[in-house]
Protein chains: 2
Amino acid sequence: MEELLKKYRKKGFKLTPQRIAILKYLEGNTSHPTAENIYMAIKEKNPTVSFSTVYNTVESLKERGEILEITIDPERKHYDPNLNPHNHIVCTVCNRIGDVFADYSGVMNLPPDVLEEFTVTGSHVDFYGVCGECRD
Amino acid sequence: MEELLKKYRKKGFKLTPQRIAILKYLEGNTSHPTAENIYMAIKEKNPTVSFSTVYNTVESLKERGEILEITIDPERKHYDPNLNPHNHIVCTVCNRIGDVFADYSGVMNLPPDVLEEFTVTGSHVDFYGVCGECRD
DNA sequence: TTGGCTGCAAAATATTTGCAGAACA
DNA sequence: TGTTCTGCAAATATTTTGCAGCCAA
């Protein structure tokens, strides 16, 4: 845990109690939380934390490349602290997001007309489905 | 053009002047417009159209499977009248969305743990890049 | 005729921002 | 000590909704 804080201190990321709560919540978190999820989870132990601080902090972490913004749910942004290349599957009923660890790097072959118009920097493969809990 | 209206009439989709304007604007449109784009484009010739009507109509068209909602831009929803299987590439500078016509159906191979937890219904491959105009 | 659509306005939801005070480095 | 962060509140942006009147079928 101290490892985590040391890492951010070293990078010049100012550590306030609110930020520490956010970082601890995100560390190893695979639930792909929204800003509201983070806010709710943190509020329990840190009642004074504000929504602005959560938004400001995730924005800051996103800019520093410490977390990823996931654009798979049209209703709101989700965040993912797992920087290892992986993909996502979203339940079309409850919007829960799961991880998919598989290599789809082969899909980088693009038609010439696209390569002419765009300098391609990356790709995402997203999956859609229905999760076990929603199958009933 | 009359083909277009006939098609919707046949499906029991009530055709008002506002809806006709929206359908004509979307027909063959490859610009992946947002609700605002549609509203702005239509307002010129149809000054009384309201934002609600645009939202209601695209929602209705989406439910009927006549257009697709694109979730590639975290800031807003885009719509695509092209129902043929294809993918998208988004410019990370100006958010412009381009079409990618290529077959990536091979990516449907998912790890067993995911297949156990989800009934997979589909996949999307999205690309990120910088478009010609933003390269300067 | 009538059920569905429109437009207005208001509400709901998500996110951003200005600013004065607080606090980390 | 100074720069950055926090919290509040207000602003902004996107989308949805209630409802009275309208109109396509």
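A salt bridge links B:E117 to A:R96, with their closest N and O atoms 3.2 Å apart. This is a predicted model. Four salt bridges are found across the interface of chain A and chain B, along with 20 residue pairs in polar contact, both residues of each pair being at pLDDT 80 or more. DNA strand D is surrounded by 20 residues.

**Elements and composition on the chain A side**

- The side of chain A that touches chain B takes two or more residues from each of β3 (87-91), β4 (97-100), α5 (112-117) and β5 (118-131).
- β5(A) gives the most to this side, with 14 residues.
- By residue class, the side of chain A that touches chain B comprises 21 nonpolar, 10 polar and 10 charged residues.

**Extent of the protein interface**

- Chain A brings 41 residues to the contact, and chain B brings 41 residues.
- About 3100 Å² is buried between chain A and chain B, and carbon and sulfur atoms give 58% of that area.
- Within chain A, the residues that lose the most area to chain B are A:T71, A:F118 and A:Y128, which together make up 20% of what that side buries.

**Strand pairing between the chains**

- β5(A) is joined by 13 bridges to β5 of chain B (residues 118-131), and the two strands run antiparallel.
- Within this pairing, A:S123 has B:F127 of β5(B) as its bridge partner.

**Surface near DNA strand D**

- The closest of the surrounding residues are A:T16, A:Q18 and A:T53 from chain A, with B:Y55 and B:R76 from chain B.
- Three helices each supply at least two residues of the surface near DNA strand D: α2 (17-26) and α4 (51-63) of chain A, and α4 (51-63) of chain B.
- The residues of this surface divide into nine polar, seven charged and four nonpolar.
- Sugar or phosphate accounts for 78% of the DNA strand D atoms within 4 Å of the protein, and bases account for the rest.

**Individual contacts to DNA strand D**

- A:R19 places a polar side-chain atom 3.0 Å from a phosphate oxygen of DNA strand D.
- B:S52 has a side-chain N or O atom 3.3 Å from a base oxygen of DNA strand D.

Technical notes
Residues numbered from 1 in each chain as written. Chains lettered and ligands numbered in written order. Predicted model: local features only at pLDDT ≥ 70, side-chain atom pairs only at ≥ 80, totals over all residues. Heavy atoms only, no water. Near = heavy atom within 4 Å. Polar contact = N/O pair within 3.5 Å; in protein donor to acceptor, adjacent residues only side chain to side chain. Helix = DSSP H or I, 4+ residues; strand = E, 2+ residues; numbered from the N terminus. Nonpolar A, V, L, I, M, F, W, Y, C, P; charged D, E, K, R; others polar. Contact = heavy atoms within 4.5 Å. Buried area = accessible area lost by both parts, 1.4 Å probe. Salt bridge = Lys/Arg side-chain N within 4 Å of Asp/Glu carboxyl O. Pairing = 2+ DSSP bridges.
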